[in-house]
Amino acid sequence: MKSKINNTISELIEQNIISQEVAHRITEYYQTKATSKSKPLFTIFGIFGGALVGLGLILILAHNWDAFSRSIKTLFAFFPLLSGQIISGYAILKKKSSAWKESSGTFLFFAIGAAIALVSQIYNIPSDLSGFLCIWIVLGLPLIYVLNSKAVAMLVIGFATYYACELGYAFNFTDKTPWLYLVMLLATIPFYLKELKRAKSANTTAIFNMLFPLSLIVTLGSFVNSNWSLGFLMYAMLFGVFYNLGKTSFFKELQLRQNSFVLLGSLGTVILFVILSFNDIWYEIQRKIIHLNSQEGVIVTVLFLIALALFIYSKRSSEKSKFNLFQYGFMLFAIVFIIGAEHAALATILSNLILLILGVFAVKIGADTFRFSVLNYGLLIISATIICRFFDTNMSFVLRGVLFVLVGLGFFLSNFIMLKKQKAKHIKTLN
């Protein structure tokens with residue numbers, strides 16, 4: 001590629017199209033561009049290198065661990081920690097590149113965990129896994145801001161999610177609400193906001209846009225105690241928060257692959273409606289007494305108010321705000337849930353009806369904007385609704401087969417028609 005550019009520049013000079021000075025500037029531009037492209041690669045390899053070195057040292061020490069005395073074991077426990085601090089301090093004082101800071105931060109983060117685990121094992125300090133993870137995360141959190149490390153921020157989010165699952169999902173029969181998880185997550189928010197302001201469209205920022213909602217989706221169930229039926233409402237409100245946050249003026253300009261709030265909010269709402277499109281689920285919910293003054297009820301209220309505030313803000317911030325049914329998803333779910341607490345059959349009908357309307361609405365958006373992904377997403381919603389009815393209705397196999405054929409034809413024809421319209425529009429634009 002470089003030789004091709006050089007040959008082109010030489011040809012332009014020979015033909016007197018550009019001067020030597022302009023050629024020199026063009027060469028410098030491409031050299032700078034190539035250097036800037038290589039930096040992320042160095043950073044990624046640095047992060048992996050730091051992680052592998054840290055884990056490798058732990059494995060080497062573990063193999064010969066029983067042969068060492070207690071004092072030697074203690075020295076080995078703190079050696080990676082001290083080494084990581086020295087490297088990180090060198091990177092800060094010498095103002096090294098981000099690759100240095102990311103790799104040293106990753107190494108130091110794992111060194112902290114190794115030191116805590118080894119000291120606990122050497123001196124027989126009793127602790128459970130959730131307590132160990134909590135101490136590790138709290139000690140590793142400052143590295144995010146000291147080293148300005150994206151890798152450490154991602155590790156903190158990941159391990160905080162693990163901590164919440166370990167403590168809240170009763171894997172070890174503890175079943176406690178992981179409130180500290182929220183504190184850990186909030187501690188990373190200032191760094192995330194700074195990254196959003198600095199480089200909103202960057203790939204690393206897109207990863208954060210995916211990590212935060214995924215972490216909350218995974219851990220929200222750990223905040224459910226006795227009122228499991230309100231768990232559906234909690235998740236519906238959370239998805240409402242995500243979708244309306246993604247539709248604010250700040251995130252709206254991002255591509256769909258970068259705006260995970262819209263993607264996960266929409267997909268989560270649809271999945272919830274699919275689950276509650278079965279009649280048996282509503283009868284189970286009716287058998288469970290719902291207490292809105294419980295922990296789950298408080299969480300539902302808080303999430304509803306946040307989603308409503310974001311909904312109002314997104315509508316007011318856009319001068320020409322088009323009607324978007326997905327933004328109203330959390331409100332519709334709340335209404336259906338209240339009805340379902342008393343009338344299961346009516347709630348089932350409404351859930352199926354809303355699913356079909358959401359599917360048609362997505363198809364319309366896809367057709368209007370010529371986006372095949374949105375069009376097929378809407379068709380998938382309609383198809384899922386139809387397929388789910390095969391399991392709770394007495395249809396003959398012939399009728400089911402006919403419906404499958406019709407759904408398949410619907411996919412084919414809608415994509416074919418939109419492709420023809422897109423080509424016609426392109427030809428019209430060229431003319």
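**Exercise 1. How many disulfides does a search of the whole structure find?**

Solution. The search of the whole structure finds 0 disulfides. A disulfide here is a pair of cysteine sulfur atoms within 2.5 Å. In general, a disulfide is a covalent bond between the sulfur atoms of two cysteines. Now take two cysteines. Cys134 has a relative accessible area of 14%, so Cys134 is buried. Cys165 is at 13%, so Cys165 is buried too. (Buried means under 20% relative accessible area, exposed over 50%, partly exposed in between, with a 1.4 Å probe and protein chains only.)

Before going on, note the ground rules. This is a predicted model, where local features need pLDDT of at least 70, side-chain atom pairs count only at pLDDT 80 or more, and totals for chains, interfaces and linings use all residues. Residues are numbered from 1 along each chain as its sequence is written, and side-chain values use heavy atoms, with hydrogens and water left out.

**Exercise 2. Describe the chain as a whole.**

Solution. Start with secondary structure: the chain has 18 helices and 0 strands. (Helices are DSSP runs of H or I with at least four residues, strands are runs of E with at least two, and both are numbered from the N terminus.) Next, burial: 42% of the 431 residues are buried. Then contacts, meaning heavy atoms within 4.5 Å. Among contacts between residues at least 6 apart in sequence, 69% join residues at least 24 apart.

**Exercise 3. Which residues have the most contacts inside the largest nonpolar core?**

Solution. A nonpolar core is a set of buried Ala, Val, Leu, Ile, Met, Phe, Trp, Tyr and Cys residues joined through side-chain atoms within 4.5 Å. The largest one has 84 residues, and Trp136 and Phe333 have the most contacts inside it. Helix α10 (residues 230-246) gives the most to this core, with 12 residues. Now look around Trp136. Beyond four places in sequence, Trp136 touches Phe109, Phe110, Ile112, Gly113, Ile116 and Phe159.

**Exercise 4. At what angle do α13 and α15 pack?**

Solution. Find α13 (residues 279-287) and α15 (residues 329-340): they pack at about 70°, with axes 10 Å apart. (Axes are lines fitted to C-alpha atoms, for helices over the stretch in contact; angles run from 0 to 180 degrees between N-to-C directions.) The two helices are therefore roughly perpendicular. (That label covers 65 to 115 degrees; under 35 is roughly parallel, over 145 roughly antiparallel, and the rest oblique.) At the meeting point, α13 brings Trp282, Ile285 and Gln286, and α15 brings Val336, Phe337 and Gly340.

Now go to Ser351, in helix α16 (residues 344-369). Its relative accessibility is 1%, so Ser351 counts as buried. Its contacts beyond four places in sequence include Trp282 and Val336.

**Exercise 5. Where is Val300, and what does Val300 touch?**

Solution. Val300 sits in helix α14 (residues 295-317). At 7% relative accessibility, Val300 is buried. Beyond four places in sequence, Val300 touches Leu230, Leu233, Met234 and Met237. Val300 and Leu230 are 70 residues apart along the chain, yet their C-alpha atoms are separated by 7.8 Å.

**Exercise 6. Is Lys95 buried or exposed?**

Solution. Lys95 has a relative accessible area of 71%, so Lys95 is exposed. Its place is the loop between α3 (70-93) and α4 (98-122). Check the backbone: phi of Lys95 is near 50°, a positive value. Most residues other than glycine have a negative phi.
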